[in-house]
Amino acid sequence: MTTTQQPPPPPSHPPHGHSHSHGPATPVSKHLRKVIAAVLIPFSVAVVVGLAVLWPGGAPAHERTGVGFDRQTQQATVTQVDKVDCKSVNASGDTPTGDTSTAEGSSAQQQANGTCENATIRVDTGKDKGRTFTEVVQPDSPRQLHEGQKVIVAYAPDAPENLQYSVTDVNRKLPMALLAGIFAVAVVVVGRLRGLMALIALAVSFLVLTFFILPAILQGSNPLVVAVVGASAIMLIALYMCHGLSARTSVAVLGTLVSLLLIGLLGSLFIGWAALTGNTDDNTGLIHGLYPDIDMSGLLLAGVIIGSLGVLDDVTVTQTSAVWELHEANPTMGWRGLYRAGIRIGRDHIASVVNTLVLAYAGAALPLLLLFSIAQSSVTDVANSELVAEEIVRTLVGSIGLVASVPVTTALAALVVSADRPGSHGPERAAPVRGGRGRRRKR
């Protein structure tokens, strides 16, 4: 007797292919997921333990020195600005009789013969709220005041009453807040949910930096250990929050971790070998004076690690995603083929990222480089000075870590994703046809 039962229809591929094209590749094998978990779970536990052990109770208190940033400050408003003759307010001495072609002579002559500003400033916060004082602004001062301007004033309690307050800076909170708001809106509009998660991760990173890394260093903990624990916490939170809990993200985490370890080792070696103290300007000198127990060279190394983390995240996530997409385009490609294709993408990434990093550090040190240029110092003399040598070591060590992260992350991603063989999840798929999602609908 002939049966009329028809074989069951094959699964509907178009819906599967459509949804699959919007997400990551099929999860890797259970064995490799166990291997990844065996590495990352103990590491995450160690980071949590490190946070608990090193967590500070806040920055230790100290007597304010009144120097640099270590001053009591209040907010204030410029209520009135009057034009006055500089001589009438004793803003300068007599007209200089020396060489007025120099910067000092020209400035003194302008102050003697020019018109100064006598600004009245009202203190808006603190115990002296409502108190007013006057300040003379020289004609060649880089910061001129105008009526209604919001400013920051420093308070010196030991000074004579009429000299206790002085303007130290302009209040920039409104424009800075507006710029931050524009940035947040742009990220969310373009990145949507992923952009929102990135902003949340950024906020968490600042919280870790503000409430853990900085107070822990001030409390006397080893800056390198604090930086490693803090950077690891930021890495885990930011990557998993922005990219999801998946094998793809875990590979990026592993690549970032290996690169950070390399940066830490190289940084420690060359900072010690080059005898870099980390105490090169007024700010670091003030920190060392207030907290002499802080290891300033360790603080320098901690800065190298934290500074490299953000760019490392970008490189490792991009390389991992590239390998995953290559596997998605051709599931039959083995790990060697994936690695070679991923490295070709990574070479372009290396060229652009290293150039970006070097230019970023050069831009930050531009005033310093100008001073050396004015002094007509040779390139070797400039590079040998500790101020510039710190930036060179910071740049090169970070760049070496970035370069190493490309082959390391690409190899890890290729090994992990190549375990997802087509035969392990169903019939082997045909060779891909170019044309994006359209090829999936033809299966």
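How many disulfides does the structure hold by the distance rule? The count comes to one disulfide, where a disulfide is a pair of cysteine sulfur atoms within 2.5 Å. Before the details, some ground rules. This is a predicted model, in which local features need pLDDT of at least 70, side-chain atom pairs count only at pLDDT 80 or more, and totals for chains, interfaces and linings use all residues. Residues are numbered from 1 along each chain as its sequence is written, and side-chain values use heavy atoms, with hydrogens and water left out.

Start with the sulfur link. A disulfide is a covalent bond between the sulfur atoms of two cysteines. Here Cys86 is joined to Cys116, with 2.0 Å from S to S. The link of Cys86 and Cys116 is right-handed, with 105° about the S-S bond. This pair links distant parts of the chain, 30 residues apart. Cys86 sits in the loop between β1 (72–85) and α3 (103–113), while Cys116 lies in strand β2 (residues 115–123). Helices (H or I, at least four residues) and strands (E, at least two) are DSSP runs, numbered from the N terminus. Cys86 and Cys116 are both buried. Buried means under 20% relative accessible area, exposed means over 50%, and partly exposed is in between (1.4 Å probe, protein chains only). Another cysteine, Cys242, is counted as buried because its relative accessible area is 14%.

Now follow the strands. Strand β4 spans residues 150–155 and is mostly covered, with five of its six residues buried. Which way do β1 and β4 pair, and over how many bridges? They pair in the antiparallel sense, over six bridges. Strands count as paired if DSSP finds at least two bridges between them. Thr73 stands opposite Ala154 of β4. Strand β4 also meets strand β5 (residues 165–170): five bridges join them, and they run antiparallel. Here Val151 faces Val170 in β5, standing opposite it. In a regular strand the side chains alternate between the two faces of the sheet.

Next come the rings. The structure holds four aromatic pairs. Rings of Phe, Tyr and Trp (its six-membered ring) pair if their centres lie within 6.5 Å; planes under 30 degrees apart count as stacked, over 60 as edge-to-face and the rest as tilted. One of the pairs is Trp55 with Phe212, which is stacked at 5.6 Å centre to centre and 25° between the planes. This pair links distant parts of the chain, 157 residues apart: Trp55 is in the loop between α2 and β1, Phe212 in helix α4 (residues 173–218). Trp55 counts as partly exposed because its relative accessible area is 48%. Phe212 counts as buried because its value is 0%. Tyr155 and Tyr165 form a tilted pair, 4.9 Å centre to centre with 35° between the planes. This pair also links distant parts of the chain, with Tyr155 in strand β4 and Tyr165 in strand β5, 10 residues apart. Tyr155 and Tyr165 are buried.

Turn to charge. Side chains of opposite charge can pair when their charged atoms come close. The structure holds seven salt bridges. Each is a side-chain nitrogen of Lys or Arg within 4 Å of a carboxyl oxygen of Asp or Glu. Among them, Asp124 bridges to Arg122, the closest N and O atoms being 3.0 Å apart. Asp124 is buried or exposed? Asp124 counts as buried because its relative accessibility is 19%. Arg122 is partly exposed, at 31%. Lys127 and Asp128 meet in a salt bridge of 3.4 Å, N to O. Lys127 is exposed, with a relative accessible area of 65%, whereas Asp128 counts as buried at 15%. Asp128 also bridges to Arg131, with the closest N and O atoms 3.4 Å apart. Salt bridges that share partners join Lys127, Asp128 and Arg131 into one network.

Ile41, Val45, Val49 and Val53 make a nonpolar surface patch of about 370 Å². Ile41 has its place in helix α2 (residues 30–54). Patches are made of residues with over 30% relative accessible area and no salt bridge; like charges are joined within 9 Å, nonpolar side chains (Val, Leu, Ile, Met, Phe, Trp, Tyr) within 5 Å. Accessible areas come from the Shrake-Rupley method with a 1.4 Å probe, and for residues only the protein chains shown count as cover.
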